[in-house]
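Subject: Structure for your review

Dear colleague,

Please find below the structure that I am handing over to you. My findings follow it.

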Amino acid sequence: MKLFKASLLTLALTSATSVYAESIAVTNATIHTMTEQGVLTNATVVFDEGVITAINPETVNADTSIDAGGKTLTPGFIGSMNQLGLVEVSAVSSTRDSSEKKANITFDASAAFNPKSTVIPYTRKGGITTNISVPRGGDDMFKGQAFLADLSGEFDSIRTTDVAVIVDLGAKRKGSRAMEIQKLRHKLQDAQEALSKAKKDKKDAKKPKRADQAINALLAGEKPMIAYVDRATDILALLALKKEFSLDLVIAGAGDAVSVADEIAQAEVPVIMGAINNLPSFDALHRTLASASTLFDAGVNVAYSVSGDTHNLYMLRFDAGISVANGVSKENALKAVTANVADAFNIDAGRIAVGKKADLVLWSGDPFELSTRVEQMWIDGVETSTLSRQDALRDRYTAETDMPRAYVK
Amino acid sequence: MQKFIPSVLVAAISVSLTACIQSEKQDEKVEINKNPYPSTYQVLPQQTTIIRNATVLTGTGERLDNADVLMLDGKISKVGASLSAEGAVIIDAEGKWVTPGVIDVHSHLGVYPSPSAESHSDGNEATQPNTSEVWAEHSVWPQDPGFNRARAGGITTLQILPGSANLFGGRGVTLRNVPSQTMQGMKFPDAPYGLKMACGENPKRVYGTKKVSPATRMGNMAGYRMAWAEAAEYKRAWDKYETDYADGKNPEAPARDIELDTLKGVLDGEIKIHNHCYKAEEMAMMIDLSKEFGYHAGTFHHAIEAYKIADQLAENGNCAAMWPDWWGFKMEAYDMIQENVAVVDSKANSCAIVHSDSSTTIQRLNQEAGKVMYRANENGFTIKAKDAITWITANAAKSLGIEDKTGTLESGKNADVVIWNSNPFSVYAQAEQVFIDGAKVYDRFDEKYQAVSDFSLGQQ
């Protein structure tokens, strides 16, 4: 019996499908659309070729129909600010591809993305269907370009590259934080001047260098600049830069954002933060478990990311739950792991609406609860398993056998 | 037991030999003070208290619905229906849950405090592979704001350990989670010391990169064995001194060695081993090592692969302290399974513990245990809340050698109690009131019982 189960598991592990089988309707679901439609009960969503084609159609037309039994269906959660696909074992340098000493603003780590990393199926257990991986870069304050990948485990996982520019500011181990913010301002000023000069002097205009092109993209508001800072003064300095250069600014980390919550809200700058970071640093003296709640109340669009090791990404939903226990509404916490992440990075994900990608999760209960699990998930419209190497190890070591465990597969 | 037989023999022989000798003039006996930094912990103001109509998890594997808990003179007096006591403060806990105070066997609060600053990074004397002479208590900064955060999560007792760079990292100390200006004011009275040992990647990396032994796992084992062999000699010398002195001779006391004092304490059964050890094959060798030198291998911490040798751990009486789901940060953490704690717990006479090693997750050990319970129950286990609570209470107390004092709600135990707003194994669970020795030390709804560290006070 156990052997039979084990071979099923093997099958499941190797059969992450890559073809759109057929159109699917999920009926009788409680759908959290994350759109103006809000929460729909007894609702139906239909998807085909990886795209949502109908919500609550008058007649359900699909090859396969799945009765959700009233359970909760959400958009797949979105991870961000981690190195998913760029690291297998953190301390094994040959399995790490997110850092590069000479990296600059153009550094695009997506070419190193490994869809076969064991971290990916494990992370699916957390209901995460897409992720924005960010490079750790090198000595430069610009760490490089973020990219969006899905968690299908397929070779075509990468959806968009050059999604956002990552810049690391704030407290420095050596030297002054002032120098970095000054350098950033100068870069933006120089690029702006070069652009206006090129406009005037069209015949002499040379094609700008790649790094300059990346700065120009920020000036044109073509993509967000994600800036890691904690201290309120650094946040304010960035808000000033946003105003001066019309940047699409996102604050990440944001440990002391509560001290300038109104200013952040007024500037319409999203914040990406760890919902459970509540220990003080000198740059973040005021963070508590209620920080997310304070920011939401001030009108800030908050997105959550999991702090620390990439392998912890699957815990994102628990962090959201803990934020609810500390004052955030369930709907806002759900936004913080879906629509608000998508909006911060300007990506087309995180909502259930006609025309959107069918990245969907059907939950056994409240998505944030410890006791809940993913019942079914679809990435790009394809049902995807949550079984991982961890399940194979568990089954091996809980099987009845007279033989060494190595024979239990 | 085996190890005591030779010394009894020696004693018998020496008595017969010395019978005819008049006792020499003896110098004053050299005594080693085993408690030179004694606890000055004082119970906070407390009064007789009855918690009424709660769902109570006793930590002994029992669940009582609509039950009362009576705390009298700082001890658990009774748990049961309709309790009364003269002058008792009554807390209506209908709809709430009550558990023993949560115990974390693996914390670095105070030795790696917040804010993280080099000046406060005092958790690892990573200067040589054997630093059995250092004591974590001498590094504890009692003003670490993390202690207060942990208290708000129901932590009443915690062991502060040195880091894992060394084969022998030094002594750990068990603390009451009460605010104090001094480490001694937090020190758990009469709790045994722990000795931190470390297997695997950390020691060999730290010293290997310095071109000093150990650079390999076999180097690790050699390092332990050489140290224990030396400790055995040291113990023999002191035992002989004791025996000779008792026989009326005037022996020369052996030279005092602070490092070997700690190892001798383990061989004497007074200090418990707390061994950072991830992998199955290494834990199995550490058990054999302990038998080779005559001590108990104690608790394995971060025991990622405990599930692979759960039978052996139970047979040998080892506790295993584990995370529910941390993995992948290094090779020895690659084989994590989410049911690890449950597999260890499923064996007779086992001792499964959920620990934190984190100033963040120590605030929610209840949820860490919950994650294990739910994942395991999805995969063939039938663990109930009344069982899962033991992973962060009774079993943790056993690991620290304080199971006669705390860890359950049995009559006579210290009244270390948490009132939760709901089932503690929910993501929404919060500790509402926390008691240590019957004294309220935290109240979520009363600022009077929310301590603030000196560091945080007055910051703008």
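What distance separates the centres of domain 1 of chain A and domain 2 of chain A, taken over C-alpha atoms? The separation is 30 Å.

This is a predicted model, in which local features need pLDDT of at least 70 and side-chain atom pairs count only at pLDDT 80 or more, while totals for chains, interfaces and linings use all residues. Residues are numbered from 1 along each chain as its sequence is written, and chains are lettered from A and ligands numbered from 1 in the order in which they are written.

Domains of chain A

Domain 1 of chain A covers 2-73 + 382-407 and domain 2 covers 77-349; such bounds come from an automatic or database domain assignment. Between them, 11 residues of domain 1 are in contact with 12 residues of domain 2 (contact: C-beta atoms, placed from the backbone, within 7 Å). The domain 1 side of this contact has four nonpolar, six polar and one charged residue. Here Ala, Val, Leu, Ile, Met, Phe, Trp, Tyr, Cys and Pro count as nonpolar, Asp, Glu, Lys and Arg as charged, and the others, Gly among them, as polar.

Domains of chain B

Chain B is divided into domain 1 (43-101 + 407-460) and domain 2 (102-406), with 28 Å between their centres, taken over C-alpha atoms. In this chain, 32 residues of domain 1 are in contact with 34 residues of domain 2. The largest share of the domain 1 side, three residues, comes from β15(B). That side divides into 16 nonpolar, 11 polar and five charged residues.

Helix α5 of chain B

Helices (H or I, at least four residues) and strands (E, at least two) are DSSP runs, numbered from the N terminus. Seven of the 10 residues of α5(B), residues 258-267, are buried, so this helix is largely enclosed by the rest of the structure. A residue is buried if 20 or more other C-beta atoms, placed from the backbone, lie within 10 Å of its own. Among the buried residues are B:Leu260, B:Leu263 and B:Val266. Their cover includes β8, β9, α4 and β10 of chain B. After α5(B) comes B:Gly269, whose phi is positive, near 80°.

Contact between the chains

In total, 29 residues of chain A are in contact with 36 residues of chain B. On the chain A side, α8 (316-325) and α11 (389-398) are the elements that give two or more residues. By class, that side has 17 nonpolar, eight polar and four charged residues.

Yours sincerely

Definitions and conventions:
Buried ≥ 20, exposed ≤ 12 C-beta atoms within 10 Å, placed from the backbone. Contact = placed C-beta atoms within 7 Å.
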